[in-house]
Each structure stands twice: as structure tokens, then as C-alpha cells.
Amino acid sequence: MNNIYLIGFMGAGKTAVARTLSEMTKKEKVDTDDIITKRVGKSISDIFSEDGEEYFRKVEREVVSSLTAENDLSCLRRRCD
């Protein structure tokens, strides 16, 4: 599994770090928020306002869990609390 997960607050620089890590390690860069918005069909802010944080975290856990089966990823996960 050799994945790298970046966890932190919005605006902390995870995207920039992931881009650099992806280039350095030749791992694919994956943003969990992008996967969540595609899966749910709503923006993150709409998910929070319409469905609540608990629902967002549930979907986020499912996405992260599914990514753990993949190899050589550099994954971003935002903390919005």
C-alpha cells in the first residue's frame, strides 16, 4: 500500500505539498474532496449545509477507506472542523 496521506486544515498547503510529493515520488495525486463532490454530486459547502458534517465525514471515511486499497497515491484530506 505505500500511500501518503496529507491531513490538515483548509489553506494549510496540502495541495502544494501533494503536488511536490507526487513529482518527487511519481505517485498519483488524489484529492478526496474532488472524489466526494463527484460521488455525491454536490460541492463540499452544499454537502455541509444540506446534509451536515456527520454525513460528509461518513462519505469521507468511505472514500479514504477505498483509497487504502490503491497503491502509490499521494492523498489529500481536508479537516473542516
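R57 is buried, with a relative accessible area of 12%; here buried means under 20%, exposed over 50%, and partly exposed anything in between, for a 1.4 Å probe and protein chains only. The model is a predicted one, in which local features need pLDDT of at least 70 and side-chain atom pairs count only at pLDDT 80 or more, while totals for chains, interfaces and linings use all residues. Residues are numbered from 1 along each chain as its sequence is written, and side-chain values use heavy atoms, with hydrogens and water left out.

After α2 comes G41, with a positive phi near 80 degrees.

What does I36 touch beyond its neighbours within four places in sequence? Its contacts (heavy atoms within 4.5 Å) are G41, I44, I47, F56, V59, E60 and V63. I36 also belongs to the largest nonpolar core, whose 8 residues are V30, I36, I44, I47, F56, V59, V63 and L67. Such a core is a set of buried Ala, Val, Leu, Ile, Met, Phe, Trp, Tyr and Cys residues joined through side-chain atoms within 4.5 Å. Helices α3 (44–51) and α4 (53–67) are the elements that give two or more residues to this core, and α4 supplies the largest share, 4 residues.

Turning to charged side chains, the structure holds 6 salt bridges, each a side-chain nitrogen of Lys or Arg within 4 Å of a carboxyl oxygen of Asp or Glu. One of them joins R39 and E62 at 3.8 Å, N to O. This pair connects distant parts of the chain, with R39 in α2 and E62 in α4, 23 residues apart. R39 is partly exposed at 46% relative accessible area, and E62 is partly exposed at 35%.

E62 also pairs with K58, their closest N and O atoms being 2.8 Å apart. Both sit in α4, 4 residues or about one turn of the helix apart. Finally, R57 forms a salt bridge with E53, with 3.1 Å between the closest N and O atoms.
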